[in-house]
Amino acid sequence: MNNKFIRIYEDIAARIRTGEIEAGTLLPSELDLSESYQTSRETIRKALKMLSEEGYIQKIQGKGSIVLDIRKIDFPISGLVSFKELAKKMGHRAKTYVKVFEEKKVDQALFKKINFGLNEKVWEIRRVRQVDGEHVILDKDHISQRLIPGLTKEICNDSIFEYIEEELGLTISFAKKEILVEEPTAEDRELLDLEGFHNVVVVRSQVYLEDASQFQFTEARHRPDKFRFVDFARRR
């Protein structure tokens, strides 16, 4: 079996990750790459296809393959986007690991943080998001069991938003967000790859359904080098 295209993919991907091949630049043509790697253009096409599927490049008709900025992931501040939707742009570079999936009641300590009723039953979920082999996000969720029944660990590993919208037929409407910079907790250091980092970016979100019922409180704790938060602003 000819795996040369995989070795070419791995070589180019590694050079993009290290910044040797800069974001925004065009890769050499298929002909130039085939001469450089001393292989056929068909092998180069397979390597480029894999690079595109994994989110390293974008093939543009008539121009070639442009290198994408993989060092940071754009998170819309005003939008409501699931990690699965963001991960589609990264191919298999992004993975989710469910560390905690438990049922619990809202106690006094939790009651002070979220707008759920005291003693209300919630799902407590901890998910670690891996990008390019590094654990860079810790998502801590509390979700109302009354409003969102039937959650499973498998659903949490895939997409909670997708389950709510496609399986339960509910409409996710809006969220209130707060963005802070904090020192890492012991849990952050245990679950995330934070060597050399002294802060995490924390996004706390209260998420509501169409009838203005809050169904979710999320605390997403980000390693700061991987993410940028973007929005479009207009002066009124």
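Isoleucine 60 is placed in strand E1, strands being DSSP runs of E with at least two residues and helices runs of H or I with at least four, numbered from the N terminus. At 34% relative accessibility, isoleucine 60 counts as partly exposed; the term covers values between buried (under 20% relative accessible area) and exposed (over 50%), computed with a 1.4 Å probe on protein chains only.

The model is predicted, so local features need pLDDT of at least 70 and side-chain atom pairs count only at pLDDT 80 or more, whereas totals for chains, interfaces and linings use all residues. Residues are numbered from 1 along each chain as its sequence is written, and side-chain values use heavy atoms, with hydrogens and water left out.

**Helix H1**

- Helix H1 comprises 15 residues (residues 4–18), which at 1.5 Å a residue should span 21 Å; the end C-alpha atoms are 21 Å apart, in agreement with that value. The expected span is 1.5 Å times one less than the number of residues.
- Phe5, Ile8, Tyr9, Ile12, Ala13 and Ile16 are the buried residues of H1. They lie on the same side of H1 because they cover an arc of only 130° around the axis, the arc being that of the directions from the helix axis to the C-beta atoms.
- Arg7 and Thr18 are exposed on the other side of H1.
- Helix H3 (41–53), strand E1 (57–60) and strand E2 (64–67) are the elements against which the buried residues of H1 pack. Contact means heavy atoms within 4.5 Å.
- Glycine 19 follows H1 and has a positive phi, near 90°.

**The largest cavity**

- There is 1 cavity of 30 Å³ or more. A cavity is a set of points, on a 1 Å grid over the protein atoms alone, where a 1.4 Å probe fits but cannot get out; a pocket is an open set with protein on both sides within 12 Å along at least five of seven lines, and lining residues have an atom within 4 Å of a point.
- The largest cavity holds about 490 Å³ of space. Grid points are joined across faces, edges and corners, and a volume is the space filled by probe spheres set on the points.
- The lining of the largest cavity consists of 29 residues, and Val81, Ser82, Phe83, Asp139 and Thr218 lie nearest its centre.
- Elements giving two or more residues to this lining include helix H4 (83–87), strand E6 (134–144) and helix H7 (160–167).
- Ala, Val, Leu, Ile, Met, Phe, Trp, Tyr, Cys and Pro count as nonpolar, Asp, Glu, Lys and Arg as charged, and the others, Gly among them, as polar.

**The second largest pocket**

- The second largest pocket has a volume of about 160 Å³.
- Its lining is formed by 12 residues, with Tyr9, Arg17, Tyr56, Arg93 and Asp132 nearest the centre.
- H1 supplies the largest share of the lining of this pocket, 4 residues.
- The lining of the second largest pocket divides into 3 nonpolar, 3 polar and 6 charged residues.

- Lysine 99 belongs to strand E4 (residues 94–105) and is partly exposed, with a relative accessible area of 47%.
- Apart from neighbours within four places in sequence, lysine 99 is in contact with Arg126, Val128 and Leu191.
- The C-alpha atoms of lysine 99 and leucine 147 are separated by 23 Å, at 48 residues apart along the chain.
- Aspartate 188 lies in helix H8 (residues 186–191) and is buried, with a relative accessible area of 0%.
- Apart from neighbours within four places in sequence, aspartate 188 is in contact with Leu138, Glu183, Leu194, Val200 and Arg221.

- Most residues other than glycine have a negative phi.
- Asparagine 119 has a positive phi, near 75°, in the loop between helix H5 (108–111) and E5, and counts as exposed at 51% relative accessibility.
- Alanine 212 has a positive phi, near 70°, in the loop between E8 and E9, and counts as partly exposed at 47% relative accessibility.
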